[in-house]
Amino acid sequence: MKVAVLGAGAIGAYVGAALHRAGADVHLIARGPHLAAMRQHGVRVLSPRGDFTARAHATDDPAEVGPVDFVLLGLKANSYAACGPLIEPLLHDSTAVIAAQNGIPWWYFHRHGGPHDGHRVESVDPGGAVSAVIAPSRAIGCVVYAATELAGPGVVRHLEGTRFSIGEPDRTVSVRCTEFGEAMVTGGLKCPVEPDLRNDIWLKLLGNISFNPISALARATMRQMCLHGGTRRVIEIMMTETLAVAEALGCRVGVSIERRLAGAERVGDHRTSTLQDLERGKPLELDVLLAAVVELAEITDVPVPTLRTVHAISDLLALRTAA
């Protein structure tokens with residue numbers, strides 16, 4: 001099995017290292033000092049489950065890799081539309097693309113069934129720009145429940161969690177999902193193939209849609225947001241509105257809001273990825289988290305006044321950050 005990790009940052013390099021340990025032919029595509037370190041020393045993984053090093057091939061040139069069986073996308077979702085020159089050399093007729101992203105994916109309504117089947121979510125696939133680069137038929141969905149960070153160039157610190165749930169847009173348990181999942185398990189990760197991954201998407205989104213923008217607006221950690229009465233109430237309302245949209249689309253999350261908040265509080269003084277991006281002057285990945293759900297609320301006629309308000313304010317913040 002030949003796998004390319006396009007955007008081999010903390011999550012991508014971690015998965016690539018695990019797959020390499022499982023015996024897959026892995027190619028890590030990155031740049032800068034991180035790439036130089038992986039070329040020289042391999043990927044060093046520091047984990048409570050045991051440290052290890054994987055000396056997978058690393059490059060900044062996808063043409064050097066050529067067509068692969070699976071592309072794992074470790075890029076931010078707002079980079080997908082522009083990744084054509086990077087991903088095209090990696091594709092053959094049956095290459096699957098596994099998008100390890102948060103939020104609503106560009107393929108969400110591909111083979112969805114029902115009245116919205118084939119609908120394009122403009123917030124995440126403006127004018128079909130992402131679909132033109134990555135055909136929805138190639139997509140395997142992936143919801144990440146692992147936390148990692150780059151401790152330094154070529155060094156991934158695994159903090160917690162090893163689960164990467166995957167699934168087909170058409171809800172089948174396909175051969176390609178089964179093959180990839182088995183390789184992940186052999187490499188020491190959990191990778192269940194979910195009959196309907198959309199339920200997992202909404203479960204993960206329940207936290208991201210609320211904690212991420214509020215953390216950036218308040219410059220607050222998970223614990224601080226949960227313990228402050230005002231922000232906790234805003235987050236509860238945002239989660240309630242999000243659940244209403246999910247249910248209007250036929251999804252059931254199966255976790256109470258109080259349980260979700262309690263879990264977030266236990267995380268402690270963790271800074272969300274959006275807050276970290278803000279502090280580093282990077283683009284804020286809020287379209288797939290917040291704008292997309294506001295758009296889905298419109299097509300399902302679900303009122304989401306608090307989501308709309310937070311979206312308006314955080315969108316201005318994102319525009320100012322990008323300027």
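Modeller: Arginine 198 lies over the face of tyrosine 108, at 5.3 Å from the ring centre. The model is predicted, so local features need pLDDT of at least 70 and side-chain atom pairs count only at pLDDT 80 or more, while totals for chains, interfaces and linings use all residues. Residues are numbered from 1 along each chain as its sequence is written, and side-chain values use heavy atoms, without hydrogens and water.

Biologist: What makes a charge sit over a ring?

Modeller: NZ of Lys or CZ of Arg must be within 6 Å of the ring centre and within 35 degrees of the ring normal. Arginine 21 also lies over a ring face, that of phenylalanine 52, at 3.9 Å from the ring centre.

Biologist: Why is the pair of phenylalanine 70 and phenylalanine 180 called tilted?

Modeller: Rings of Phe, Tyr and Trp (its six-membered ring) pair if their centres lie within 6.5 Å; planes under 30 degrees apart are stacked, over 60 edge-to-face, and the rest tilted. A search of the whole structure finds four aromatic pairs. In this one the centres are 5.2 Å apart and the planes stand at 50 degrees, so the pair is tilted.

Biologist: What is the geometry of the pair formed by tyrosine 80 and tryptophan 106?

Modeller: The pair is edge-to-face, with 5.7 Å from centre to centre and 85 degrees between the planes.
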